[in-house]
Amino acid sequence: MEVLFDLGPKDSRLELFDRDSELSRLIDYVGRLGMPITLVLGLRRVGKSSLILVALRELSLPHIYVDLRKFEERQYLSYRDFILELQREVNNLTRRFPALIGFLRGIGGVSIMGN
Ligand SMILES: Nc1ncnc2c1ncn2[C@@H]1O[C@H](COP(=O)(O)OP(=O)(O)O)[C@@H](O)[C@H]1O
Ligand SMILES: [Mg+2]
């Protein structure tokens with residue numbers, strides 16, 4: 001069967017439809033202005049993940065993308081599951097950019113929602 005619509009988020013500018021202004025704003029905030037935190041908010045399936053993935057790809061900055069959709073069916077996500085996902089992505093990142101290991105060693109701890 002031919003699949004006309006891919007259900008996953010898009011990650012290339014060519015596939016991202018009608019989001020030029022949002023994309024340039026996000027690229028600006030994260031890239032040129034170097035904002036420490038940028039939130040992309042919107043209803044489910046409106047295209048937030050796609051926008052973020054395309055922006056990260058355009059910026060070609062080292063990044064971690066933690067996709068928690070696989071836990072969607074569960075009632076809650078355990079702290080351990082989240083840490084394991086994070087660990088996997090950090091390992092991917094340091095494999096691609098070994099020079100980042102020194103920088104990451106300097107991080108004393110990360111607090112998420114006070115935990
Ligand atoms: N601007 C867009 N251009 C092309 N496909 C889009 C666009 N916005 C959303 N989609 C598609 O809709 C679905 C949901 O997008 P997604 O980025 O996962 O949304 P969100 O993260 O907001 O839930 C995906 O299949 C995605 O490819
Ligand atoms: Mg999403």
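Of the 115 residues in the chain, 5% count as buried. A residue is buried if 20 or more other C-beta atoms, placed from the backbone, lie within 10 Å of its own. The model is predicted: local features need pLDDT of at least 70, side-chain atom pairs count only at pLDDT 80 or more, and totals for chains, interfaces and linings use all residues. Residues are numbered from 1 along each chain as its sequence is written, while chains are lettered from A and ligands numbered from 1 in the order in which they are written.

The chain has 4 helices and 0 strands. Helices (H or I, at least four residues) and strands (E, at least two) are DSSP runs, numbered from the N terminus. The C-alpha atoms fill a box of roughly 45 × 40 × 30 Å along the principal axes. Of the contacts with a separation of 6 or more, 61% join residues 24 or more positions apart. Two residues are in contact if their C-beta atoms, placed from the backbone, lie within 7 Å.

The largest nonpolar core consists of 5 residues: Leu26, Val30, Leu51, Val54 and Ala55. Such a core is a set of buried Ala, Val, Leu, Ile, Met, Phe, Trp, Tyr and Cys residues joined through C-beta atoms within 7 Å. At least two residues of this core come from each of α1 (20–32) and α2 (48–59). The most, 3 residues, come from α2. Beyond four places in sequence, Leu51 touches Arg19, Glu22, Leu23, Leu26 and Val40.

Ligand 1 is surrounded by 18 residues, with C-beta atoms, placed from the backbone, within 6 Å of it. Phe17, Gly47, Lys48, Ser49 and Ser50 are the closest.

Definitions and conventions:
Buried ≥ 20, exposed ≤ 12 C-beta atoms within 10 Å, placed from the backbone.
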